[in-house]
Amino acid sequence: MSQALDRVFRESGGRVLSALAAAFRDLDLAEEAFADACAAAAELWTRDPPVDPAAWLYAVARRRGLDRLRRRATAAAHRPEDPVPPPTPEDHAMSLDDPIPDERLRLIFVCCHPAVAPDVRAALTLRTVCGLTTAEIAHAFLLPEPTLAQRLVRAKRKIAGAGVPFEVPAPDRWPERIDAVLSTLEVAYAQAHADAALAGPRAGFAHEILTLTALLARLAPDDAEVQALAATVRLTEARRPARLGSDGSMTPLSEQDVRDWDATLIAEGLTSLAASAALSRRSRRAPGPRALQAAIHAAHASRRDSGVTPWRGILGLYDTLLSIRDDAVVRTNRAVALAEVEGPAAALTALDAAPAADWLPWRAARADLLARLGRSEAALTEYDAALALGPSPAETLFLKRRRAASVAL
């Protein structure tokens, strides 16, 4: 893949694929047409690159999709409806100022339809809306690629067979989908957050999730969990400028220079969190899991003003979160907070009570706790196990540096 095609695929592939799927109302056809356009681009762009690569991909893919329909002798029945001008779907899809949020959100709701199995909704969204490859998603979910591919095929057939409408449902139908929508956005953002240097093939992914959560928050202003997720993404992304050291290695949260944090994003995040809290009080409901996560990130953000991290308060939030969302992510992060409050021994005991050996953050946390306890040999083993999981370049540098420090102890 040429550099130009690689760049436009990373920056605009998800938008183009979403627009095609919305136009054809057929996920498989959209992917096939997009693949045809990319193949044509790989051949032609080296000689005559287009002025607007994303628009070129969309236009060619749309023509190739219609060609496929004609070859199936069903073009009359399946041809996308003619757009009502102005503006055209192409204008919406390719406008640099408007990344077709309605099209992408529409596809997210389609992928999260109750007809789709819960265990594949996030994967289908990542594939269709965000443009990740099947191999990338399989790696993220620790699944064999053929297994995930089969699940995606079944999910798309289910959507086609159930006649799922390609539209954002009316608000009264949101309750049956909104949790799945939020969960898929959480998974999607986790993929972006893992790339501390924004140097991977999905460098623009974090911005996409910022845009989508903002749109969803506007569409669901009375949903506390929607507002909370918008807060979490903003409070987390605010730390992005401080996540990379001068040597290119990842900088852990506790060591980040708060002066590099984005004050505007922090303010936006705190505003969304306040809205979430007000909605919970109004409905007389306890904060949900996403509200608690946002509160944890807000507590970390308070270090920017106070100079200290309120670890005891953060631990209390994790204790509450654990009672309603007990998973490896919560347990690992709680152990990190526990180490600051009660020491590394207590944290290691808690971490070992819920092993997640194939998850990089769990391995890295365990290695750090062992090193802090002076168990250098065991720490080395854990660092090697973490490095064997294939971390990003920034994480690799960080882990190697920590490994070397544990040897020196």
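1. Let's start with Tyr318, which sits in helix H16; helices here are DSSP runs of H or I with at least four residues, strands are E runs of at least two, and both are numbered from the N terminus. Tyr318 is buried because its relative accessibility is 10%, where buried means under 20% relative accessible area, exposed over 50% and partly exposed in between (1.4 Å probe, protein chains only). Setting aside neighbours within four places in sequence, Tyr318 is in contact with Ile296, Val330, Asn333, Arg334 and Ala337, contact being heavy atoms within 4.5 Å. From the C-alpha of Tyr318 to that of Ala295, 23 residues apart along the chain, the separation is 9.9 Å.

2. A word on provenance. The model is predicted, with local features needing pLDDT of at least 70 and side-chain atom pairs counting only at pLDDT 80 or more, while totals for chains, interfaces and linings use all residues. Residues are numbered from 1 along each chain as its sequence is written, and side-chain values use heavy atoms, leaving out hydrogens and water.

3. Now the whole chain. The protein chain has 21 helices and zero strands, and 48% of its 409 residues count as buried. Among contacts in the protein chain with a separation of 6 or more, 65% come from residues 24 or more positions apart.

4. Helix H14 (residues 289–301) is worth a look. Its 13 residues reach 19 Å from first C-alpha to last, close to the 18 Å expected at 1.5 Å a residue; the expected span is 1.5 Å times one less than the number of residues. H14 is mostly covered, with 12 of its 13 residues buried, including Arg290, Gln293, His297 and His300. Those buried residues pack against helices H10 (178–193), H12 (224–237), H13 (263–283), H15 (303–306) and H16 (311–324).

5. Helix H13 also holds Ser272. At 12% relative accessibility, Ser272 counts as buried. Beyond its neighbours within four places in sequence, Ser272 is in contact with Gln227, Ala230 and Ala231.

6. Finally, a helix pair: H7 (residues 118–128) and H9 (residues 145–162) pack at about 90°, their axes 10 Å apart. H7 is therefore roughly perpendicular to H9, a label for angles of 65 to 115 degrees. H7 contributes Asp119, Val120, Ala123, Leu124 and Arg127 to the contact, and H9 contributes Leu148, Arg151, Leu152, Ala155, Lys156 and Ile159. By class, the contact of H7 with H9 has seven nonpolar, no polar and four charged residues; Ala, Val, Leu, Ile, Met, Phe, Trp, Tyr, Cys and Pro count as nonpolar, Asp, Glu, Lys and Arg as charged, and the others, Gly among them, as polar.

Notes: Axes fitted to C-alpha atoms, helices over the stretch in contact; angles between N-to-C directions. Parallel < 35°, antiparallel > 145°, perpendicular 65-115°, else oblique.
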